[in-house]
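Here are my notes on this one, point by point. Have the model open while you read.

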Amino acid sequence: MNLTIPDFPARIEIEIASDCNLRCTYCPRHFVNTLKGYIDFHLFEKIIKEAISYPDTILVLHRRGESMLHPEFKKMLELVSGRFKEVQMATNATLLNKDKYEAIVNGLTFLSFSLDTPENFDQTRIPAKYSKVESKILDFLDYNKGRVLTQASMVKTVKTAEEECAKFKSVWTDRVDRVRIYDQHSSDGNFGSLKNPRVIRKPCVMPFYEILVYDSGNVARCNHDWNSDNSASMGDLKKNGIKEIWHGEKYEELRKQQRTLQFDDSVCTRCDCWYPEIGRQGTGETWEKS
Ligand SMILES: C[S@@+](CC[C@H](N)C(=O)[O-])C[C@H]1O[C@@H](n2cnc3c(N)ncnc32)[C@H](O)[C@@H]1O
Ligand code: SF4
Ligand code: SF4
């Protein structure tokens, strides 16, 4: 396992909006009370200005909410357009419309549509309607013509039957570049709220690989860190730069804990979702278009 520290994080997740227009039944965002925010455009600009010197950086433009709600969403995509190796985003697709197509095709390299099976969608992705969302996606795919890599994803919860996963795959496999089924990682944003079979703790690569910036500018550890807009934050990008925080004392201490597996970090200590390899937790299923 490569636990060297790159000069700059290889991946930066920027939460454009923590607000959301849906209430998906399995989404832990409802257990964090304060998620109604939008990143300030000047803060976004500051982050991008620093990251631009590292064009190999992978940008991810979503986290605990729906990014397309941001009034300056298109302006942000214009700012990052052509500047980075990869610019990825996931969306609930309810706000996908022609007005955004050009900005998306020029600004993103990868777009994931978060869905469910046609039968379950209206009960889980409340109050969205499957038929409307599906036709929005099909219209976009027609415009896109393969320029942005696309994915359809669903969350497999404790209630999801195998046949439902197979059905989802069969609906989307010829339409998008990748179909992905995520295993539900927690029921309420807290570790241990679902039974996780992984018992042998391993160092997690995330503190050596990426940072996550909440819409407030607070830096969190990874996509499993739902509620660190407080003393658990790794830093504040309103006050400091990415490199300063990445090479700062808090990160050094967290990496030491990962290397030695001697934890007292308020988030990582309790974690049951660590990443033993970059991008791989060994959960869920993915099918690529052949
Ligand atoms: C939190 S959402 C934010 C982006 C956007 N609102 C969306 O739905 O794509 C990011 C991804 O997390 C997935 N997700 C939500 N709750 C989850 C859970 N408990 N376990 C695993 N993935 C989850 C969503 O389906 C989506 O694909
Ligand atoms: S999964 Fe996405 S769309 Fe659904 S509630 Fe969570 S953030 Fe909102
Ligand atoms: S150990 Fe868990 S909480 Fe900590 S960085 Fe890794 S995945 Fe995130």
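1. First, the burial count: a residue is buried if 20 or more other C-beta atoms lie within 10 Å of its own, exposed if 12 or fewer, and partly exposed in between, with C-beta atoms placed from the backbone. Asp-56 has 10 C-beta neighbours inside 10 Å, so it counts as exposed. Its C-alpha sits 7.7 Å from that of Glu-86, 30 residues apart along the chain.

2. Housekeeping: this is a predicted model, where local features need pLDDT of at least 70, side-chain atom pairs count only at pLDDT 80 or more, and totals for chains, interfaces and linings use all residues. Residues are numbered from 1 along each chain as its sequence is written, while chains are lettered from A and ligands numbered from 1 in the order in which they are written.

3. Helix 2 spans residues 73–80, and its Phe-73, Met-76, Leu-77 and Val-80 are buried. (Helices are DSSP runs of H or I, at least four residues; strands are runs of E, at least two; both are numbered from the N terminus.) Those four cover an arc of only 100° around the axis, which puts them on the same side of helix 2; the arc is that of the directions from the helix axis to the C-beta atoms. After helix 2 comes Gly-82, with a positive phi near 75°.

4. Now the pairing, where two strands pair if DSSP finds at least two bridges between them. Strand 7 (149–156) and strand 8 (178–183) run parallel over six bridges, and Met-154 has Ile-181 of strand 8 as its bridge partner.
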